[in-house]
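Please look at the sequence and the structure before reading on.

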Amino acid sequence: MFLNFFSWSRAPKVEAKTSLASPDDFLSEIFAATPSASGVSVTPAKAMTCPPVRCAVQAIAEAIGQLPIHVYRRTNGGKDRAPDHPTYRLLHDEANDHTSATDFREQLTRDALLHGNGLALINRVDGKIIELIRLDPAAVDIEADDLGSPRYFLRQETQRREIASADVLHIKAPSLNGITGDSPIRQARETIGLLLAIEAHAARLFKNGARPSGQIVLPKKAAPDTRKNLIAAWRLAHGGENSGGTALLDDGAEYKPVALTSVEAQLIEVWNRAVLDVARVFRVPPALLMDYSRQTWANAELGGQQFLTYTLSRWIKAWEGEVRLKLFGVDERDTFLAEFLIDDLLRSDISARADAYAKLIAARVLNPNEARAMENRAPYEGGDVFANPNTTSNTPGNPDV
């Protein structure tokens, strides 16, 4: 079905536009690479080889994928789940016949974190949404029309074809123009490039026996072949696993190690600072990047709350807002809504939950069956009554009494 969507396009073919006004940006767009001062070209794929970046991206993307999302029908003063709505299946069960809803949400969120934009085609037949199909963000151009509304063009060979904006689910990273998301990878290319350069330097250092580079001083000038053979013999005898042995030099040759530079001497400090900068870029608590240097028993639970409040909430609202605009008709928006359930992220230990439930039931905010449902327990007869158990007798029929 995806192959036929071009026939739905409302715009004629347009030629692909290129510009050499900014060569760096032009070449970066073609090769999906962002050069950094460290000399490392930072691409989304390359950035994901950097452990702190991968950890931050996966922490957010996996959380959005794993959190359940439901479609609700508004009622008088409340809301009920609406599993009969077509959008419910696409968001909760499967996005299409080869992608689960969990994988779909995780992938689009990952695209937004790496490329700046997570995009999906909303496939409709006779006006009914039947599936959601991910689009490669590197193959989609996003432009603004004269009124500032987004236009989407899918590049195919030498041509571009427009997809109606109503048929594109667009999850975007924060940006200045509000039309296309700014890639955090591009924005933080210096920090990520530095981390990749440090990792490569450390790997080379340990490959050579965790020793700094040095120089072999000969008493007299040697032929080029002699020098090459001497270097090769030294590496074979004292490099890698053979390091730490006794060196033997002939003909008055002398080995002089090169002193560590200031950057090399402070390698760990620079490395740790760059890891913290990655946490700042993605607004992820350092503990979620497996940096427990500042983690204590007292602030562990607070860190989880901060992750939800200051990191995930932004992405949750981005998903809920885009679903409202694209997956519900104008006449449905006052009746239906989609919301993520965040209860699992707010769960604390059993003692704290039991104490919270007891207070909420006593205050008549929850009834016992509602509290049982939050703990995935079956309701019992009489448990729908809002009563303070501290001032009334136990409700008959409670199987847990």
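Buried means under 20% relative accessible area, exposed over 50% and partly exposed in between, with a 1.4 Å probe and protein chains only. This is a predicted model, in which local features need pLDDT of at least 70 and side-chain atom pairs count only at pLDDT 80 or more, while totals for chains, interfaces and linings use all residues. Residues are numbered from 1 along each chain as its sequence is written, and side-chain values use heavy atoms, with hydrogens and water left out.

Q: Is Trp319 buried or exposed?
A: The relative accessible area computed for Trp319 is 0%. With buried set at under 20%, Trp319 is buried.

Q: How are the rings of Phe104 and Trp319 arranged?
A: Rings of Phe, Tyr and Trp (its six-membered ring) pair if their centres lie within 6.5 Å, and planes under 30 degrees apart count as stacked, over 60 as edge-to-face and the rest as tilted. The centres of Phe104 and Trp319 are 6.2 Å apart and their planes stand at 75 degrees, so the pair is edge-to-face.

Q: Which arrangement does the aromatic pair of Phe328 and Phe336 have?
A: Both Phe328 and Phe336 are buried. Their rings lie 6.4 Å centre to centre, with 15 degrees between the planes, and the pair is stacked.

Q: How far from the ring centre of Phe153 is the charged end of Arg160?
A: A charge sits over a ring if NZ of Lys or CZ of Arg is within 6 Å of the ring centre and within 35 degrees of the ring normal. The charged end of Arg160 sits over the ring of Phe153, and its distance from the centre is 4.4 Å.
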